[in-house]
Amino acid sequence: MSDQTTGDPVPQTQDELLLDRPPSLAEEPWRVLRIMGEFVEGFETLATIGPAVAVFGSARTGSHHRHYAAAVETGAGLARAGYAVITGGGPGIMEAANRGARRAGGRSVGCNIELPFEQRPNRFADPLLTFRYFFVRKTMFVKYSQAFVIFPGGFGTADELFESLTLIQTGKVHNFPVVLFDRAYWGGLLRWMKRRMLSDELVSPGDLGLLRVADSPEAIVALGVSQVPEGRQLFAPMTVAENLELGAYRRYRRESKTAIAADLERVFDTLVLAGWRRGKTALMTLMRALAVRREDGRGFGNAEIGGAL
C-alpha cells in the first residue's frame, strides 16, 4: 500500500494483517492474544468513567466551521449534565467535543485508531487510548456509552451510525438514544430511508423512529440525556479530587505485591460498580478488615463486600 499523496509505501496496520489472505497459522494464535490485550486495556481504562455519551463526526472539519463550534458546545453541555464524552480521539469534530468537555471540567475520553495514514490524536482527550483493531475500538464505544451523537461526517461516521441502529434493532442494546446533528445535512438520507427502505418494507416504521434530529447543542443534550433511563446512570459524576484518588488507588493496586493488595484486586471491580464516591468509603473499611483478617488467616467473603457497599 502506498501513501495517496506521496506514493511512498506505508507499513501495514494490524487490522490489515488480520484480514490478510491467506492467513498464517503460525501467527494467528499470537494475534488472538494481542486482541485480548487490547480488550483488557480498554476495559480497565474505561470501566470507571461513569455515564458517557459518544460523539462522532468528520475528522476533516476545521476549527472555524460551525459544526466544530457546535461540537464544542455539545461536549461542554454533556459534561455539565454529568456525562463523560467519548470520541475517536482524532481531529475535527472529535477534537471539538473533547475540547468542550475538558473546558467544562468533565471527563474527556479519546479512543484513537491506528491508520495507514496516521490519525493525529487531539490534545484534549485524557485518557487517550490507541487501538490497533477497529472492532475492539467499536466495542468500547457501545459498551461504555449511554447514547450516540452523530455530527456530519463521511464513511466512518455513517458506519458508526448504522452499526448503532443495527444493534438497537436486533436487541443487542436497549434504551440507546441516537441523535443526528444538522437536519439539513442528514435530511436527504432520512428521506431516502423513508421512500426506499420503508416503502419497500425493508425496515419498519419503528426502526426509523430510532433516530432523533437536533439543530442546536442544547437540543442534542436534551434529546440524548432525557432519553437515557434512570437505571442506566450507574455512577455519580466524580470531582477532580476523586479522580485523583481513584488514579492513586489504581496505581497502588497495580504495583503493590502485598497480600492485602491481592485481596483488594479481587474486590476492586465490585467496589467501582458502586461509584468511587461510595466505593472509596467501603474500600477503607475493607482495608482495615483485611488487615485484621490476615492476622488470623481468615478469608474475606462476598457477603461482607456487599455489606460494606
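In the predicted model, seven strands form an open sheet: 7 strands are arranged in the order β4-β3-β2-β1-β5-β6-β7, and their pairing is parallel. In general, the strands of a sheet pair through backbone hydrogen bonds, in either a parallel or an antiparallel manner. An example within this sheet is provided by β5 (residues 147-150) and β6 (residues 178-181), which run parallel and are joined by 3 bridges. Among the residues involved, Val 149 has Val 179 in β6 as its bridge partner.

Helices are packed against the sheet. Helix α5 (residues 134-143) touches β1, β2, β3, β4 and β5, and its direction makes about 160° with that of β3. Helix α4 (residues 93-103) lies across β1 (52-56), β2 (84-87) and β3 (108-113), and runs at about 165° to β2.

The buried positions are Ile 93, Met 94, Glu 95, Ala 96, Ala 97, Asn 98, Gly 100 and Ala 101. The cover over these buried residues includes β1, β2 and β3, together with helix α3 (66-80). Strands β1, β2 and β3 are also those across which α4 lies. Following α4 is Gly 105, which has a positive phi, near 80°.

Helix α2 (residues 28-46) contains Val 40, and Arg 31 is found in this helix as well. The two residues fall into separate accessibility classes. Arg 31 has a relative accessible area of 3% and is therefore buried, the limit for this class being under 20%. Val 40, by contrast, counts as partly exposed because its relative accessibility is 42%, a value that belongs to the class between the buried limit and the exposed limit of over 50%. Val 40 also contributes to a nonpolar patch on the surface, which it forms with Trp 30, Leu 33 and Met 36; together these residues have about 440 Å² of accessible area. As for the position of Arg 31 relative to another part of the chain, its C-alpha atom is separated by 8.9 Å from that of Gln 14, a residue 17 residues apart from Arg 31 along the chain.

Key: Residues are numbered from 1 along each chain as its sequence is written. This is a predicted model: local features need pLDDT of at least 70, side-chain atom pairs count only at pLDDT 80 or more; totals for chains, interfaces and linings use all residues. Side-chain values use heavy atoms; hydrogens and water are left out. Two strands pair if DSSP finds at least two bridges between them. Helices (H or I, at least four residues) and strands (E, at least two) are DSSP runs, numbered from the N terminus. Contact means heavy atoms within 4.5 Å. Axes are lines fitted to C-alpha atoms, for helices over the stretch in contact, and angles run from 0 to 180 degrees between N-to-C directions. Patches are made of residues with over 30% relative accessible area and no salt bridge: like charges are joined within 9 Å, nonpolar side chains (Val, Leu, Ile, Met, Phe, Trp, Tyr) within 5 Å. Accessible areas come from the Shrake-Rupley method with a 1.4 Å probe; for residues, only the protein chains shown count as cover. A salt bridge is a side-chain nitrogen of Lys or Arg within 4 Å of a carboxyl oxygen of Asp or Glu. Buried means under 20% relative accessible area, exposed over 50%, partly exposed in between (1.4 Å probe, protein chains only).
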